[in-house]
Amino acid sequence: MAVLPIRIMGDPVLHSPAVNVDEITDEIRTLVTDMFETMDAAPGVGLAAPQVGVALRIYTYAYVDDEDRPWRGVLINPVLWMSPPEPGSPDPDEESEGCLSFPGERFPLRRADRVLVTGTDLDGADVRIEVDGWRARIMQHEFDHLDGILYVDRLSDGDWKTVQKIARKRGWGKPGRSWMPGVDDLEA
């Protein structure tokens, strides 16, 4: 197991669609193990393969709900269906997100409250997940990474301008930027 560096906004792998996994090999199993290790070390509730520099359609997720029930897994080649988001502006207290690829910041973003995701797990078994609330938000956020979309790409114009200022100030928005969980002092 290894903690991997997490790519930061501007790295080309984060801004291009990932490709399907053709076969679950030992290399894929090692990647997924490393992704869980990296996600836990960050700490995060999800991590997509492009965030660690691998352009494959894989993401891991982990969330503990208000009743301390753990929810953890991996999706390979996921397909996402979602209900339409409620119209209106997002609530900054209830709908703010962060991202390990834009660490240390949170912005409000309206998402669909309910989703259905299908794909396969690490054993190649079919997976079907129907969730709402924060779990639905996690699924949408990680799925976006597989299509080359960061959550900051979906923000309102005012927040997008703030993102650009932050990125310039920190030297982000360029290829090759990353941070190492457990080493660099960054949080998302």
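**Aromatic rings and their partners**

The charged end of Arg57 lies over the ring of Phe143, 5.4 Å from the ring centre; a charge sits over a ring if NZ of Lys or CZ of Arg is within 6 Å of the ring centre and within 35 degrees of the ring normal. The model is predicted, so local features need pLDDT of at least 70 and side-chain atom pairs count only at pLDDT 80 or more, while totals for chains, interfaces and linings use all residues. Residues are numbered from 1 along each chain as its sequence is written, and side-chain values use heavy atoms, with hydrogens and water left out.

Rings can also meet one another. Rings of Phe, Tyr and Trp (its six-membered ring) pair if their centres lie within 6.5 Å; planes under 30 degrees apart count as stacked, over 60 as edge-to-face and the rest as tilted. Two aromatic pairs are found by this rule. Tyr61 and Trp71 make a tilted pair, at 4.5 Å centre to centre and 40 degrees between the planes. Because Tyr61 belongs to strand E3 (residues 58–64) and Trp71 to strand E4 (residues 70–82), this pair ties together parts ten residues apart in sequence; strands (E, at least two residues) and helices (H or I, at least four) are DSSP runs, numbered from the N terminus. Tyr61 is buried at 6% relative accessibility, and Trp71 is buried at 14%, where buried means under 20% relative accessible area, exposed over 50% and partly exposed in between (1.4 Å probe, protein chains only).

Phe102 and Trp172 form an edge-to-face pair, since their ring centres are 5.1 Å apart and their planes stand at 80 degrees.
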